[in-house]
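Dear colleague,

I am passing on to you the structure we talked about, together with some notes on what was found in it. Please open it first and keep it beside you while you read.

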Amino acid sequence: MQRDGIFAGDNPFEIARTWLAEAESSELNDPNAVALATVDASGLPNVRMVLLKEIAEDGFIFYTNYTSAKGRELAENGQAAMVLHWKSLRRQIRIRGPVEREEGDKADAYYASRSLKSRLGAWASDQSKPLDSRATLMAKVAKITAQKGPNPPRPPFWGGFRIAPVEIEFWADGAFRLHDRFVWRTETPGGTWKIRRLNP
């Protein structure tokens with residue numbers, strides 16, 4: 001299938017990395033922000049913004065508290081979708097597929113790269129659970145700071161998730177809403193990709 005310009009390439013992960021690199025020079029804030037969609041136990045969808053931290057050779061990686069709403073929903077359902085949208089470039093990428101935890105050395109290295117306050121905050125926050133006041137949270141941060149010191153380890157309840165896509169769609173704005181869309185699909189993560197152009 002003929003694909004040229006911004007859609008050219010034989011590896012969707014490389015195309016995604018190229019688009020993200022372009023967005024880093026044009027978006028005002030957080031070019032790696034993604035809308036992450038999950039489903040709760042009742043089947044009700046949930047969506048929120050997270051930061052995509054890596055486009056690996058086989059997946060899209062972000063980090064969170066495993067006991068948060070999204071962490072629990074990802075553990076229960078095992079699948080997710082996300083979309084990157086860049087207004088400045090008038091492009092977006094949609095991703096769907098199964099998820100798995102990203103732990104060990106990679107998660108440790110990313111956690112260590114965060115600011116000290118962010119690392120301590122990960123320990124202090126019972127993410128997604130009720131909180132009576134900000135003062136309570138800040139008191140817990142102070143307590144954790146005294147306990148964990150200047151080099152806190154990664155919390156056992158905090159780490160990464162990797163979406164291993166079975167579908168990646170690249171979309172670019174077109175004149176008169178005649179957009180360009182190419183979808184890459186595979187039966188299983190890591191399988192052979194089939195590429196189709198879609199109607200706008």
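**Arg-48 and its neighbours**

The side chains of Arg-48 and Thr-38 are joined by a polar contact of 3.0 Å. Please keep in mind throughout that this is a predicted model. Arg-48 is found in strand 2, and its side chain also makes a polar contact with that of Glu-73, this one of 3.4 Å. Is Arg-48 buried or exposed? Its relative accessible area is 18%, and because buried means under 20%, Arg-48 counts as buried. Leaving aside residues up to four places away in sequence, Arg-48 touches Val-34, Ala-35, Leu-36, Ala-37, Thr-38, Ala-69, Lys-70 and Glu-73.

**Helix 2**

Glu-73 leads us on to helix 2, which spans residues 69-77 and whose buried residues are Ala-69, Lys-70, Gly-71, Glu-73 and Leu-74. Against which strands do the buried residues of helix 2 pack? They pack against strand 1 (33-39), strand 2, strand 3, strand 4 (79-86), strand 5 (91-102) and strand 6 (158-163). Just after helix 2 comes Gly-78, which takes a positive phi of about 75 degrees.

In soluble globular proteins, nonpolar side chains tend to be buried together. In this model the largest nonpolar core has 30 residues, and those with the most contacts inside it are Phe-60, Phe-62, Met-82, Ile-93, Ile-95, Ile-163 and Phe-170. Helix 1, residues 12-24, gives the most to this core, with six residues. A second, separate core has 12 residues, including Ala-56, Tyr-63, Ala-107 and Ala-124.

**Lys-53**

The side chains of Lys-53 and Tyr-110 are joined by a polar contact of 3.5 Å. Lys-53 and Asn-32 are 21 residues apart in sequence, while their C-alpha atoms are 7.3 Å apart in space, and Asn-32 is among the residues that Lys-53 touches.

**Pockets**

Rolling a probe the size of a water molecule over the atoms shows where empty space is left. The largest pocket has a volume of about 510 Å³, and it is lined by 24 residues, of which Arg-114, Ser-118, Ala-122, Gln-127 and Trp-158 lie nearest its centre. Which element supplies the largest share of this lining? Helix 4 does, with six residues, and strand 2 (45-55), strand 3 (60-65), helix 4 (116-124) and helix 5 (134-148) each supply at least two. By class, the lining of the largest pocket has 12 nonpolar, seven polar and five charged residues.

The second largest pocket has a volume of about 190 Å³, and the residues that line it include Ala-124, Gln-127, Pro-130, Leu-137 and Lys-140. Helix 5 gives the most to the lining of the second largest pocket, with three residues, and by class this lining divides into four nonpolar, four polar and three charged residues.

With best wishes

Note on methods. Residues are numbered from 1 along each chain as its sequence is written. This is a predicted model: local features need pLDDT of at least 70, side-chain atom pairs count only at pLDDT 80 or more; totals for chains, interfaces and linings use all residues. Side-chain values use heavy atoms; hydrogens and water are left out. On a 1 Å grid over the protein atoms alone, a cavity is a set of points where a 1.4 Å probe fits but cannot get out, and a pocket is an open set with protein on both sides within 12 Å along at least five of seven lines; lining residues have an atom within 4 Å of a point. Grid points are joined across faces, edges and corners, and a volume is the space filled by probe spheres set on the points. Helices (H or I, at least four residues) and strands (E, at least two) are DSSP runs, numbered from the N terminus. Ala, Val, Leu, Ile, Met, Phe, Trp, Tyr, Cys and Pro count as nonpolar, Asp, Glu, Lys and Arg as charged, and the others, Gly among them, as polar. Buried means under 20% relative accessible area, exposed over 50%, partly exposed in between (1.4 Å probe, protein chains only). Contact means heavy atoms within 4.5 Å. A polar contact is a pair of N or O atoms within 3.5 Å; within protein, one must be able to donate a hydrogen and the other to accept it, and residues adjacent in sequence count only if both atoms are side-chain atoms. A nonpolar core is a set of buried Ala, Val, Leu, Ile, Met, Phe, Trp, Tyr and Cys residues joined through side-chain atoms within 4.5 Å.
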